[in-house]
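Please read the points with the coordinates open.

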Amino acid sequence: MATLSPEQVKATGQLVLNSLVAQCLGLLGDRWTLLVIRDLFLRRHRFEALLQHTGAVRSTLANRLKVLVQQGIVYRNPYQMSPARYEYRLTPKGLGLYDFALAIWSWEQKWLGDEVVDLPPVLVHRSCKKPFSPICKCLSCDEAITSNSVTNRPNSAYLATTRATNFSKRRSKISAGSHTARDGSLFHATDILGDRWNNLILGGALYGLRRYDDFQRGLGISTNILADRLKLLVEAGLFNRVAYQSGPKRYQYNLTAKGQDYLPVAMALHKWSERWLTQGERGNVILSHHCEDAPVQFVFCCSACEGVLHPHDVTTAPPC
Ligand SMILES: [Zn+2]
Ligand SMILES: [Zn+2]
């Protein structure tokens with residue numbers, strides 16, 4: 001890979017910092033929030049069931065549900081009148097996170113195998129009655145989207161500063177309590193998504209940053225935090241660390257296949273944010289597939305029948 005100029009490093013860092021995905025994770029990027037969304041898709045609707053499966057304490061769960069209701073992602077549905085009892089359901093905006101949930105499931109199944117806890121081992125597509133993996137597919141050329149086949153460019157029409165201000169006001173108070181697993185070998189998708197720095201570093205890598213100094217300058221991360229997160233991400237197998245200079249020794253961080261496979265998770269968040277955070281307007285980055293210059297349009301499809309996947313059309317029951 002060619003060396004990036006200081007201007008390119010700065011521009012790439014700004015793209016990542018002001019991206020819709022970064023803004024979206026300001027709202028959702030908290031471990032407990034992510035676990036609540038996961039469980040709602042697994043049809044765990046009642047407070048006690050959510051308490052049991054997320055492992056959150058009562059006050060934390062109540063707080064996260066309240067914020068999700070305020071954000072219009074979840075609504076309270078009465079299931080009993082006296083005394084009044086409510087269950088929690090996803091609104092259309094919440095159901096729009098289904099591709100994101102599928103992408104996480106797929107990444108965890110592929111890369112964590114036996115270490116996956118509390119996720120169904122098999123998903124079955126009701127339409128074709130077959131077990132499947134979700135495929136993130138380009139609508140123009142019908143090919144699966146991979147990190148090597150996607151390019152990004154700044155969207156000149158986007159007023160990054162205005163929007164970033166709007167979104168930062170809406171940042172929920174809960175992001176301060178971010179959680180990072182301290183053991184890279186047990187690193188789950190929620191550990192990446194629930195930590196702002198992990199997200200920015202991975203985003204930077206997907207946009208072309210490689211060198212330690214470039215991550216530091218482009219993203220403005222302090223050296224101790226950067227060193228800590230890169231070490232974890234290497235231990236978790238998302239990056240390879242390679243020396244590119246000796247005396248003084250300098251390292252670059254290349255995404256492994258596991259790191260590159262994180263792309264559909266980011267793509268799903270990008271698409272959701274364009275639909276629900278900016279009401280259809282594009283963010284600061286235009287993503288294109290290698291088949292054409294126009295912004296990429298994609299769906300998550302069943303690997304068995306190629307049909308588009310919808311939440312009501314997928315079951316966790318094993319095939320008969
Ligand atoms: Zn394409
Ligand atoms: Zn199918």
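1. Confidence by element. Among the elements of the protein, strand E10 (residues 298-302) has the highest mean pLDDT, 97, whereas helix H8 (residues 160-170) has the lowest, 46; pLDDT is the predictor's confidence in each residue, from 0 to 100. Helices (H or I, at least four residues) and strands (E, at least two) are DSSP runs, numbered from the N terminus. The model is a predicted one, in which local features need pLDDT of at least 70 and side-chain atom pairs count only at pLDDT 80 or more, while totals for chains, interfaces and linings use all residues. Residues are numbered from 1 along each chain as its sequence is written, and chains are lettered from A and ligands numbered from 1 in the order in which they are written.

2. Confidence overall. The protein has a mean pLDDT of 88, with 89% of its residues reaching 70 or more. Over residues 164-179, however, pLDDT stays under 50, and for this stretch the model has 24 contacts beyond four places in sequence, two residues being in contact if their C-beta atoms, placed from the backbone, lie within 7 Å. Where pLDDT is low, the predicted coordinates should not be read in detail.

3. Overall make-up. The secondary structure of the protein comes to 14 helices and 11 strands. Of its 320 residues, 38% are buried; a residue is buried if 20 or more other C-beta atoms lie within 10 Å of its own, exposed if 12 or fewer, and partly exposed in between, with C-beta atoms placed from the backbone. Among the contacts with a separation of 6 or more, 66% are between residues 24 or more positions apart.

4. The core and helix H14. The largest nonpolar core has 81 residues, and those with the most contacts inside it are Phe100, Ala101 and Val265; such a core is a set of buried Ala, Val, Leu, Ile, Met, Phe, Trp, Tyr and Cys residues joined through C-beta atoms within 7 Å. H14 gives the largest share of this core, eight residues. Since 12 of the 14 residues of H14 are buried, the helix is largely enclosed by the rest of the structure. H14 (residues 263-276) reaches 20 Å from its first C-alpha to its last, close to the 20 Å expected at 1.5 Å a residue, where the expected span is 1.5 Å times one less than the number of residues.

5. H3 is mostly covered, with 10 of its 11 residues buried, including Arg31, Trp32 and Arg38. In the loop between helix H3 (31-41) and helix H4 (47-54) lies arginine 44, which counts as buried because it has 20 C-beta neighbours inside 10 Å. Apart from its neighbours within four places in sequence, arginine 44 is in contact with Asp39, Ala49, Leu50 and His53. Arginine 43 lies in the loop between H3 and H4 but counts as exposed, because it has 11 C-beta neighbours inside 10 Å.

6. Backbone features to check. Most residues other than glycine have a negative phi, and most peptide bonds are trans. Arginine 43 has a positive phi of about 65 degrees although it is not a glycine, and glutamine 279, also not a glycine, has a positive phi of about 55 degrees. The peptide bond from serine 82 to proline 83 is cis, with omega near 0 degrees, and proline 83 lies in the loop between E1 and E2. A further cis peptide bond joins glycine 247 and proline 248, with omega about -10 degrees.

7. Strand pairing. Strand E1 (residues 74-80) and strand E2 (residues 85-90) pair in the antiparallel sense over six bridges, two strands being paired if DSSP finds at least two bridges between them. A hairpin of four residues joins E1 to E2, and proline 78 stands opposite tyrosine 86 in E2. Elsewhere, three strands form an open, antiparallel sheet in the order E4-E3-E11. Strand E4 (130-131) and strand E11 (314-315) stand at its edges, each with a single partner strand, so one side of each is left without a neighbour in the sheet.
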